[in-house]
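Good morning, and thank you for making time for this. I would like to walk through one model with you, going from single residues to the whole chain and back again.

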Amino acid sequence: MNQYIAKSIHNFHTFLSVYLLCGWMIPSKENHQFLTFFVPSIYVNWLIDDHKCFFTRLEHYFQGDKKLEDKKDGFIQEKLKKYNIDISEKKIDIILTFITYHTFLQSYYRSF
């Protein structure tokens with residue numbers, strides 16, 4: 001049962017990541033207003049939690065990994081490694097910061 005929950009969290013996390021990347025392209029003022037609030041909330045959580053995502057922690061917990069600190073790769077880094085793309089965690093952090101900031105700016109601009 002826990003593996004099913006972990007897989008469900010993983011799928012939701014994947015959807016959420018794509019939404020944070022491309023959500024600003026959805027032509028809805030309500031969507032843009034939501035993203036204008038949601039992106040900074042996600043980013044603040046990520047900063048406060050030592051560059052770890054809440055959903056990554058949940059997924060690892062239900063996989064039986066009680067300590068996230070034992071895991072070396074984050075969610076995005078694991079996804080990239082599946083496609084033989086090896087980027088350092090520091091560079092991924094920089095890329096994610098620019099992507100989320102871009103989504104925030106696009107959403108903010110389109111919501112007013």
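Let me begin with Y109, which counts as exposed, because its relative accessibility is 66%; here buried means under 20% relative accessible area, exposed means over 50%, and partly exposed is what lies in between, with a 1.4 Å probe and protein chains only. Y109 has its place in helix α5, and its C-alpha atom is separated by 16 Å from that of F98, which is 11 residues away along the chain.

Before I go on, a word on provenance: this is a predicted model, in which local features need pLDDT of at least 70 and side-chain atom pairs count only at pLDDT 80 or more, while totals for chains, interfaces and linings use all residues. Residues are numbered from 1 along each chain as its sequence is written, and side-chain values use heavy atoms, with hydrogens and water left out.

Staying in the helix that spans residues 89-111, we come to S111, which also lies in α5. Is S111 buried or exposed? With a relative accessible area of 2%, S111 is buried. If we leave aside the neighbours within four places in sequence, S111 is in contact with K29, H32, Q33 and T36, where contact means heavy atoms within 4.5 Å. S111 and N31 are 80 residues apart in sequence, yet their C-alpha atoms are 8.3 Å apart in space. There is also a polar atom of the S111 side chain that lies 3.0 Å from the backbone oxygen of Y108.

Now the chain as a whole. The secondary structure comes to 5 helices and 0 strands, and from the N terminus on the elements run α-α-α-α-α; helices (H or I, at least four residues) and strands (E, at least two) are DSSP runs, numbered from the N terminus. The C-alpha trace spans about 45 × 30 × 30 Å along its principal axes. Of the 112 residues, 26% count as buried, and among the contacts with a separation of 6 or more, 57% are accounted for by residues 24 or more positions apart. The accessible surface comes to about 7,800 Å², of which 65% belongs to carbon and sulfur atoms, the areas being computed by the Shrake-Rupley method with a 1.4 Å probe and, for residues, with only the protein chains shown as cover.

Next, helix α3, residues 54-63. Which residues of α3 are buried? They are F55, T56, E59 and H60. Seen down the axis of α3, these buried residues fall within an arc of 135°, so they line one face of the helix; the arc is that of the directions from the helix axis to the C-beta atoms. The buried residues of α3 pack against α1 (2-22) and α4 (75-82).

F55 gives us a closer look at this packing. Not counting residues up to four places away in sequence, F55 touches I9, F12, H13 and L16, and from F55 to H13, which are 42 residues apart in sequence, the C-alpha to C-alpha distance is 6.4 Å.

Most residues other than glycine have a negative phi. D50, however, has a positive phi of about 55° although it is not a glycine, and H51, another residue other than glycine, has a positive phi near 60°. D50 is found in the loop between α2 (29-48) and α3, and H51 is found in the loop between α2 and α3 as well. D50 counts as exposed because its relative accessibility is 55%, whereas H51, at 32%, counts as partly exposed. Just after α3, G64 takes a positive phi of about 100°.

That is where I will stop, and I am happy to take questions.

Definitions and conventions
A polar contact is a pair of N or O atoms within 3.5 Å; within protein, one must be able to donate a hydrogen and the other to accept it, and residues adjacent in sequence count only if both atoms are side-chain atoms.
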